[in-house]
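Hello,

Please find the structure below. My notes on it follow.

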Amino acid sequence: MEDALNLSKKQMQSFVHLFRDLDHDFAHLKSFSTYSPKIIENLDFSQDDYENYAAAYKNILEILKKKKRRIRMKQLS
């Protein structure tokens, strides 16, 4: 996930949108009573993978917010 922090601003924004889609779909999948972690393991994905992406998502959101604040501060000065 360290690679995610080296993305351009546009790539970070894309990551944020894609993670939101993944988060929505993953939550939807887990809501089924027949859900089992084996289902996603067959797709080479795990809860740990999800948590790593979620951590990168939170870090990227914070980076984007800081960049946005810096731009606003420059515009105000």
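Lining the largest pocket are Lys9, Gln13, Leu61, Leu64, Lys65, Lys67, Lys68 and Ile71. A pocket here is an open set of points on a 1 Å grid where a 1.4 Å probe fits, with protein on both sides within 12 Å along at least five of seven lines, and lining residues have an atom within 4 Å of a point. This is a predicted model, where local features need pLDDT of at least 70 and side-chain atom pairs pLDDT 80 or more, while totals for linings use all residues. Residues are numbered from 1 along each chain, and side-chain values use heavy atoms, without hydrogens or water.

The volume of the largest pocket is about 170 Å³, counted as the space filled by probe spheres set on the points. Helix α3 gives the largest share of the lining, six residues. By type, the lining has three nonpolar (Ala, Val, Leu, Ile, Met, Phe, Trp, Tyr, Cys, Pro), one polar (the others, Gly among them) and four charged residues (Asp, Glu, Lys, Arg).

The axes (lines fitted to C-alpha atoms over the stretch in contact) of helix α1, residues 9–30, and helix α3, residues 47–76, come within 9 Å and cross at roughly 140°.

Regards

How values were computed
Axes fitted to C-alpha atoms, helices over the stretch in contact; angles between N-to-C directions. Helix = DSSP H or I, 4+ residues; strand = E, 2+ residues; numbered from the N terminus.
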